[in-house]
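The points are set out for a reader who wishes to check each of them against the coordinates.

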Amino acid sequence: MQKNVPSFGRFISIYIDNPCSMRGYAMTDDKRTVLVFGATGRQGGSVAKSLLTAGWPVRAFVRDATGAASLELRNAGADLVPGSFEDREVIRSAMEDAYGVFSVLPGNLTAEEEVRYGIAIADLATETGIEHFVYSSGASSGDTLTGVPRFDAKPRIEAHVCRLPVTTTIIRPMIFMEMLTRPGFGLDRGRLVSLIRRNHAIHLIAVEDIGKFAAAVFADKARFGGRTLKIASDRVTGRELEAAFTEAAGRKITYERFPDDVLAANADLAHMAKSLEDGPLSEKVDLDVMRKINPELLSLRSWLAGSGHVALEEALGRR
């Protein structure tokens, strides 16, 4: 249902103290309902699953309550709320008596739609008295806008959210490991083509780790409320990508960067490549701190050998 597209910004260590509300901090011992948007998508689905595993009641906002992913959520114990982002009263009703909201928006929206819906969800959370609002932004969101609507949508939502009188945590997931096994990256031809040079490094995150981070955030408002958290699972160079995929595939996989002419013809790829070289996506995340928040943190190798194995086999053309 959703795909996260990294946007643009500045980061200091892994935390940014920001103007998001700092009031009402308390350790959350009583686990009350969390409304999860995008619950049939990657991020929202991961968050819903992790919250349910941790014993949180989950209210899942879904587009189609009869779809396979929705039924799987219901069978796992989630309450389903069918609706669309245009259904303000449905959203308002879904927030009634909820403790928290996890807000993530699908990648198929226009920039204008993303900003409008993201702001509306946050406003409704404030109006209905939500105690902890968690917004999933992009790893390169920040104070400086790029002038590219697609990359500027998330920081615009962040800026609005941080002006609201609601305790907020913003998470900024790094580039998904899952992106590396999508069609078009060359794995079926024995190559892995991506955005960094062989000697440069990239931070990656397994989508299932996003859910575990979100569950940790909801469990400790005192620690995470009012903060912005850039999250990652691993940091690898192009050479290490080559070695990890070769090991997982059982045959040689050669790593290479997208050619300059390809990047020149694709503004989104070019923007991300530049950010990975000398912008926000190049900044280091302390993985030791990440492990303290999420002790089950997945390395790229462990992801490829575990939950990413099926996607790898499909990308290799072996399924």
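1. For the residue classes, Ala, Val, Leu, Ile, Met, Phe, Trp, Tyr, Cys and Pro count as nonpolar, Asp, Glu, Lys and Arg as charged, and the others, Gly among them, as polar. The lining of the largest pocket divides on this basis into 18 nonpolar, 12 polar and 11 charged residues.

2. The model is predicted: local features need pLDDT of at least 70, side-chain atom pairs count only at pLDDT 80 or more, and totals for chains, interfaces and linings use all residues. Residues are numbered from 1 along each chain as its sequence is written, and side-chain values use heavy atoms, with hydrogens and water left out.

3. The largest pocket has a volume of about 960 Å³. A pocket is an open set of points on a 1 Å grid over the protein atoms alone, where a 1.4 Å probe fits, with protein on both sides within 12 Å along at least five of seven lines; lining residues have an atom within 4 Å of a point. The volume is the space filled by probe spheres set on the points, which are joined across faces, edges and corners.

4. Of the 41 lining residues, Arg-42, Ser-46, Lys-49, Val-207 and Glu-208 lie nearest the centre of the largest pocket. Helices are DSSP runs (H or I, at least four residues), numbered from the N terminus. α1 (42-53) is one of those supplying at least two residues of the lining, and α1 gives the most, with 7 residues.

5. The crossing of α4 and α5 is right-handed, that is, the near helix is turned clockwise from the far one by less than a right angle.
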